[in-house]
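Dear colleague,

I am handing over the structure that we talked about, and below it you will find a description of what was found in it. Please keep the structure open beside the text while you read.

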Amino acid sequence: MTRTHLTAALACVAMLVAAPAATAAPHGGKGHHGKQSSSKKLRKGVTLAGILEHETAFQRIAIANDGNRAATTDGYKASVDYVKGKLEAAGYDVTLDGFDFPIWTKNGPSTLAITGQAPFVEDTDYIVSQFSGAGNVTANIVAVDAGPAPGPGLGTSGCEPGDFPATVAGNIALMMRGTCPFVQKYQNAKNAGAVAALIFNDGFDGRTDPLFITAPVNIGIPTIMTSHSVGLKLLAATTTVNIVVDATTTPNTEYNVIADSRRGDESRTIVAGAHLDSVEEGPGINDNGSGSSTILEIAEQAAKLKQPRNHMRFAFWGAEEAGLVGSTAYVADQVASGGIADIEANLNFDMVGSPNFVRFVYDGDLSDSTPPPGGAPAGSGQIEQIFLRYFDRKGLATDPTAFDGRSDYGPFIANGVPAGGLFTGAEGIKTPEQEAVYGGFAGLAYDPCYHQACDTFFNLSYTALDQMSDAAAHATWKLASSRTPIAETTAASAKAKKGKRMNRMKRWKYKGHVRIR
């Protein structure tokens, strides 16, 4: 981004903040005077201008700190200070929740080469994973349930210990990107005795380039992600492969920012969360400045209202990009202290301003996706229905997105807490059917700047931010105001699923288009 472009953007934001009524989309209706469960007042208070004020702050922080807000960096520390100050000013009890998260330093260039061939090009053909161990390894490639193209079983390559043949020990494990977390694949490879581990992009829906991903902290072996084409070459390699990584890992404490309302039944706590960190490649203004700015604006506006009957907690997670580290540590502490029983629901907002967006809702009742390990906690389907009914009333179409636990709600559902949330898309490719409903461009990624330096203030859809923030505010307030717990009875669950099936049979009208869901 040029300084001229940034100045223009910040000037636009200043105008938005100064005159929110002229720029934010209408929220509809007057302030409510009825039941406490109505979200009208909160939605009216939550404005696009308010969200963009925070997005501007995150952009400024990144510019002042080497272009990013990644965990362990000065940019992340400044983001923590900014959020903490805003929440304290709004009247919340704010805690900096510490967790172990070492500092990883890559000391020099690395090498990935098939013996007898020219080395691959770092940062083009492959990227060394964060927390990769150091080492100089020459060994054979052993494919782990991986083939030349996505197909049955390939999406789970390396997800289970049983995927690894005995020959992996002492050699290099080669896995394909798929349905489980990257850190899980790497850890399984290490446990199987691999001296290095590689993951190649799967080529599915245009996913061809390498991504900056993470390995488990202190993994101890070289770990690398490659492009799809490089993965195919490694699969076909008939000679050994050389991998050299020079990196060090040093102890460090990082922080989540946790803000608690001063009233409400603490035995029925609603946690609304978003991760605060970016990747090292860029400022992360969509991923996930959009989610962080949204829940920060919701928290500020909620503090101005008569407090609901249930306790509200707003969580800004650290080190999500390194494998859900902050949220996992927080949930582990809650389990150890017994506090997990007081958390009635978790809402997660990870990317809600994608420029080529789709309105995705987490598939909490699993009617459209594969169950996560352990299944979906009872109540997750009800949370999904809260979002779907809201969008239904607004005449806005939605699509389901997998409830796979691959964002910060994952540790919650793994410990029995119902969860749900919103998403506007990352590197996946928009379909022609989605273009007909949501506009934008089929054949392009929902967020073409995902995990890149161009994820700046210019990488946002104001329409998506405005619509998704209202839905987020509605669900947060509704859960915080509910008289009865979210946990579903068998009858309620069946009724919700029946309603969802009926909705799919309806014809939707959206901006002149007709869609069958």
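**Strand β9 and its partners**

Strand β8 (residues 196-200) and β9 run parallel and are joined by four bridges, where helices (H or I, at least four residues) and strands (E, at least two) are DSSP runs numbered from the N terminus, and two strands pair if DSSP finds at least two bridges between them. Please note that this is a predicted model, in which local features need pLDDT of at least 70 and side-chain atom pairs count only at pLDDT 80 or more, while totals for chains, interfaces and linings use all residues. Residues are numbered from 1 along each chain as its sequence is written, and side-chain values use heavy atoms, with hydrogens and water left out.

Within β9, Met-225 is the bridge partner of Ile-199, and Met-225 also stands opposite Ile-127. Strands β4 and β9 run antiparallel and are joined by three bridges. In a regular strand the side chains alternate between the two faces of the sheet. In strand β9 (residues 223-226), Thr-223 and Met-225 point one way and Ile-224 and Thr-226 the other way, and all are buried, a word that stands for under 20% relative accessible area, with exposed meaning over 50% and partly exposed in between (1.4 Å probe, protein chains only).

**A glycine in a loop**

Gly-133 lies in the loop between β4 (126-128) and β5 (135-139), and Gly-133 counts as buried because its relative accessibility is 9%. If residues up to four places away in sequence are not counted, Gly-133 touches Ile-219, Gly-220, Ile-221, Pro-222 and Val-245, contact being defined as heavy atoms within 4.5 Å. Gly-133 and Ala-247 are 114 residues apart in sequence, and their C-alpha atoms are 6.6 Å apart in space.

**Strand β15**

How many residues of strand β15 (residues 343-349) are buried? Seven of its seven residues are buried. Strand β13 (residues 265-275) pairs with β15 in the parallel sense over five bridges, and Asn-346 in β15 is the bridge partner of Val-271. β15 also pairs in the parallel sense with strand β18 (residues 419-423), over four bridges, and here Asn-348 stands opposite Gly-421 in β18.

**Two nonpolar cores**

The largest nonpolar core has 65 residues, and those with the most contacts inside it are Leu-112, Ile-172, Leu-198, Leu-234 and Ile-243; such a core is a set of buried Ala, Val, Leu, Ile, Met, Phe, Trp, Tyr and Cys residues joined through side-chain atoms within 4.5 Å. A second, separate core of 56 residues includes Ile-51, Val-80, Ile-285 and Phe-391.

**The second largest pocket**

The second largest pocket is lined by 31 residues, of which Ile-127, Pro-210, Leu-211, Phe-212 and His-451 lie nearest its centre. A pocket is found on a 1 Å grid over the protein atoms alone, as an open set of points where a 1.4 Å probe fits, with protein on both sides within 12 Å along at least five of seven lines, and lining residues have an atom within 4 Å of a point. β2 (103-106) and β4 each supply at least two residues of this lining, and β2 gives the most, with four residues.

With kind regards
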